[in-house]
Amino acid sequence: MTLTSDSAQSDLVRTIVQGDRDGFDTRAHLDHAQQQAKERNYSRFLIVDADAHHYENDAMADIAKYIEDEIVRHRAGGRDKYGKSQSLTIEYNQNQAVAGRIVRYPKRRLEKGEPDVPRDVTMIRRQMESIGINYQIQFPTPMLHLGMQPDPYIETQLSWAYTRWLTEEIMPHDDRIKTLVYLPFTDPEASLRAVEYFGDKPGVVGFMVTGARYRPIHENAYMKVYRAIEERDLPIAFHASAYASERMFEGMNKFLSVHALGFCFYNMVHLTNCVINGLPERFPKLKWIWMESGLAWIPFMMQRLDNEYMMRTSEAPLLKMKPSEYMRRNFYYTTQPIEDGDLDALQQTLKMIRAETQLLFASDYPHWDFNLPSTIYDLPFLSENAKRRILGENARELFKLERLPHHEPVGPGAP
């Protein structure tokens, strides 16, 4: 085994001598990713990571001061009977055998930051530079479950505080860090307020709805939210997450099972409601992104909805073409976790979704099932131009990111 960085070698020596690692270092964790980036010479072209995360709960003390309701702010800063800080989010600490999450690197909180910048900025910079990423879209982690919070007011209060902290204390330190603003979608009025307040902030390149939630996204109460986003020419994303307490998933005894279905389930419901209720016709310039559900579910949805639509077109009077055409024209998808076990099936999937213009690379780092750019760059059936568009150009155009001077532009259809 060859270690490419001094930090990785130092960590290995410490592990051999002491029998345990001193802490955690993102650069050592991504040592092989750095090696891949050098071997493939990623510096030649643009790479945009459309979906990455940080652990905002590590900074909750800094976030809580932006909570507007003083009672909720007090609750966010409280401690339980064991002295642990209380969380207002839904957390999954169950055993793996009952759909609990895998704690992949429990020592991450021990990683030391750099002076003069918040710790989150240091962590994000290290993961970007190790993987070879030029821009990274950042999302929270535990807050992705807020759509299932029994008290909708908590989602409204926490999401507002989080976005103020992110846009005022984190992103100003590095213009490579971007975000899609969390919308508290249980409350359409609060969502509209977030669009109007944060929509013009530096680094904001769109808006995000967490997928695990029950309220139908085609309700009339949401139309003014979609209109406001469309007027700003920014995209709206539905970011998937699994909800282990979902009634249908309660019979599943493995994390694998809940993860496999959960990260597709809610996006499948929302996409169906979006298309069949004619939202792409009502907001023809609005761009929709479906995140972190992989890709294998999309051909199924295209075929299934087309088949049902052709038998009962009267139930979808706003549609002017088959559902699959809206899914290719108005929708974007992110790559992670890409199902690449059958390359023939994957090639057909990318063809069906028009990947050269509609697919965005996403790492999902630092989550346990993250993908590197090589998952796209190494696909044997993609042209060099298609690889560059998926890895960066599609996202640059969608999010209106600046082209870097040393990167050549690439258009769809070029060799």
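In the predicted model described here, the largest cavity is lined by 16 residues, and those nearest its centre are Tyr-55, Arg-108, Arg-119, Met-123 and Pro-366. A cavity is defined, on a 1 Å grid over the protein atoms alone, as a set of points where a 1.4 Å probe fits but cannot get out, and its lining residues are those with an atom within 4 Å of a point. Rolling a probe the size of a water molecule over the atoms shows where empty space is left. The space in the largest cavity amounts to about 200 Å³, where a volume is the space filled by probe spheres set on the points, grid points being joined across faces, edges and corners. In total, the structure holds 4 cavities of 30 Å³ or more. The lining of the largest cavity is made up of 7 nonpolar, 4 polar and 5 charged residues; in this division Ala, Val, Leu, Ile, Met, Phe, Trp, Tyr, Cys and Pro count as nonpolar, Asp, Glu, Lys and Arg as charged, and the others, Gly among them, as polar. Helix α6 (residues 119-131) gives the most to this lining, with 5 residues.

Residues are numbered from 1 along each chain as its sequence is written. Because the model is predicted, local features need pLDDT of at least 70 and side-chain atom pairs count only at pLDDT 80 or more, whereas totals for chains, interfaces and linings use all residues, and side-chain values use heavy atoms, with hydrogens and water left out.

The protein chain has 17 helices and 8 strands, which are DSSP runs numbered from the N terminus (helices H or I, at least four residues; strands E, at least two). Of its 415 residues, 56% count as buried, a term that means under 20% relative accessible area, while exposed means over 50% and partly exposed lies in between (1.4 Å probe, protein chains only).

Helix α7 (residues 152-170) and helix α8 (residues 188-198) have axes that come within 11 Å and cross at roughly 10°, the axes being lines fitted to C-alpha atoms over the stretch in contact and the angles running from 0 to 180 degrees between N-to-C directions. The two helices α7 and α8 are therefore roughly parallel to each other, a description that applies to angles under 35 degrees. On the α7 side the contact (heavy atoms within 4.5 Å) involves Thr-156, Trp-160, Thr-163, Arg-164, Thr-167 and Glu-168, and on the α8 side Ala-190, Arg-193, Ala-194, Tyr-197 and Phe-198.

Several features of the backbone are found in loops. Pro-366, in the loop between β8 (359-360) and α16 (374-377), is joined to Tyr-365 by a cis peptide bond with omega near 10°. Another cis peptide bond joins Gln-336 and Pro-337, with omega about -5°, and Pro-337 lies in the loop between β7 (331-334) and α14 (343-352). Although Asp-116 is not a glycine, its phi is positive, at about 80°, and this residue is exposed, with a relative accessible area of 77%. Glu-292, in the loop between β6 (288-291) and α12 (297-311), also has a positive phi, near 60°, but Glu-292 counts as buried at 4% relative accessibility.

Finally, Val-205 belongs to strand β4 (residues 204-210) and is buried, at 5% relative accessibility. Although Val-205 and Leu-398 are 193 residues apart in sequence, their C-alpha atoms are 8.7 Å apart in space.

Definitions and conventions: On a 1 Å grid over the protein atoms alone, a cavity is a set of points where a 1.4 Å probe fits but cannot get out, and a pocket is an open set with protein on both sides within 12 Å along at least five of seven lines; lining residues have an atom within 4 Å of a point. Angles under 35 degrees count as roughly parallel, over 145 as roughly antiparallel, 65 to 115 as roughly perpendicular and the rest as oblique.
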